Amino acid sequence: MRSFVVGLLLAGATAHVASAQDTTLIAGDRAASAELSKIIDGARANGLPVEPILAKIGYAVNIAHAAPPRVVAAARATVARLQEAREALAPNPTSNDIAAGGNALSAKVSTKSLRDVRMASGNRPVAVPLGVLTQLVANRVDEEKATKYVTDLIRRGVTTDQLVALGNDVNSDIVLGTKANNSMDLRGSHLTAVLGVPTGAAATAVDQGLQAGAAAPPPPGRKKP
Amino acid sequence: MSNDAPDPILDRAIDELRRLPPVDPVAIRRIVDAAAEARVTAADEPVFVVGSSGRSIRIWSAIGLAAAAAVAGFIVRGAVTSKTPAQVVAQAPSATTSESLRQVVSSSAESSPILQQFIFENAHAHSVSVVGDFNKWDRSTAPMQRSSDDATWSVIIPIVPGRHIYGYMVDDSLFTLDPRAPKVKDVDLGTEGSVVMVGRP
């Protein structure tokens, strides 16, 4: 019943209903609900996407069954990450970009990596590259290495499905016992070779990235199953 | 000096100007005839013959139709593209025009939702739904359908490209991770979720 009430109220908040209705985001706790309502309204007024905040509240209440103060703290932390992500992904990130940046920060990806991805991507959406980078880092690939591969591949014109496939391949390798960094080098260098050499300014940028990057990839150290 | 006082010089000038020169009726007739000859009628327009049926269309009519179609096209395109869920507000920084257009089109396509299938095995469940950050963990939005083998549940839902956290809600109360997917711990709450990367198929 509690979940049902929260679901209804979250749907209402999404539809930009009046703040009076937002004040019951958590059934039975008016103070926490009012606080959440303030957080959502503040984020909205600040131009941040509220969907990730509502999703966090939904997760905290429906899945984690967190106590109201923890729900409020989680919502606050989400807003802070969204704010930080928006600044790192300036000048004109989309809502999806900001949400992906917030998720990346929650996985301990640095704002420098966010800026690097933005710089490599130009004005294109970065939600998928950031998602792949986040998953690579979550899989214990060194952040610097993962960022270098992702940005180099972007400059070589990688498609989003190729990036997603790279992330999934690395994940599969790790599940089968390959060390994360070895898998990253193997899969990343293969995709780099497939994409070929970029031209013009992109080539210069990639060259600079390669000079600053690691040495040639060693063979993968896959364990026997 | 008062403004109402008559000015004899001014009055004389006005009087002179009021006297029009005599009109030559022959000259007027010549001008009217020349204008009549120069008038363009519908029959004078160049004609395109269209198709084997011999239907014809006049060139100025065609240009007018083309202009109207272009305007209508812009209006329709604006209406359609304004409905795309993800807004791309960035401008191309220093690319050529064709590159800018390509990037904007590509950006729009990259941000639009993609149909993603979820499959879950549970022979004993009475109901299963997908919950995740894409539906605010609301179990009512993506109920799964049981397949003919009575053990496999599936659903296809639109999700924007990117990395998403999700799980399955079994019998409306038991949150279950996807055994096929990588797991991630929520940094704020410490609980786990499954991870899916959504990209173009």
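**A residue and its surroundings**

A: B:Phe118 is buried because 23 other C-beta atoms lie within 10 Å. Buried means 20 or more other C-beta atoms within 10 Å of a residue's own, exposed means 12 or fewer, and partly exposed is in between; C-beta atoms are placed from the backbone. This is a predicted model: local features need pLDDT of at least 70, side-chain atom pairs count only at pLDDT 80 or more, and totals for chains, interfaces and linings use all residues. Residues are numbered from 1 along each chain as its sequence is written, while chains are lettered from A and ligands numbered from 1 in the order in which they are written.

B:Phe118 sits in strand 3 of chain B, residues 114-121. Strands are DSSP runs of E, at least two residues; helices are runs of H or I, at least four; both are numbered from the N terminus. Leaving out residues up to four places away in sequence, B:Phe118 touches B:Val130, B:Met144, B:Ser154 and B:Val155. Contact means C-beta atoms, placed from the backbone, within 7 Å. B:Ile157 is 39 residues from B:Phe118 along the chain, yet their C-alpha atoms are separated by 8.2 Å.

Now the two chains. Chain A gives 39 residues to their contact and chain B gives 34. On the chain A side, the elements giving two or more residues include helix 6 (95-106) and helix 8 (127-138). That side has 18 nonpolar, 18 polar and 3 charged residues. Nonpolar covers Ala, Val, Leu, Ile, Met, Phe, Trp, Tyr, Cys and Pro; charged covers Asp, Glu, Lys and Arg; the others, Gly among them, are polar.

Helix 6 and helix 8 of chain A pack at about 10 degrees, axes 8 Å apart. They are therefore roughly parallel to each other (an angle under 35 degrees). Among the residues making this contact are A:Ala100 and A:Ala104 of helix 6 and A:Leu130 and A:Leu133 of helix 8.

A:Leu133 is also one of the residues with the most contacts inside the largest nonpolar core, which has 81 residues. Such a core is a set of buried Ala, Val, Leu, Ile, Met, Phe, Trp, Tyr and Cys residues joined through C-beta atoms within 7 Å. A:Ala60 is another of those residues. A:Ala60 touches B:Leu189, as well as A:Ala66, A:Arg70, A:Val71 and A:Ala74, not counting residues up to four places away in sequence.

Last, helix 9 of chain A. This helix is mostly covered, with 10 of its 13 residues buried. Just after helix 9, A:Gly157 takes a positive phi of about 90 degrees.

Notes. Two residues are in contact if their C-beta atoms, placed from the backbone, lie within 7 Å. Axes are lines fitted to C-alpha atoms, for helices over the stretch in contact, and angles run from 0 to 180 degrees between N-to-C directions. Angles under 35 degrees count as roughly parallel, over 145 as roughly antiparallel, 65 to 115 as roughly perpendicular and the rest as oblique.
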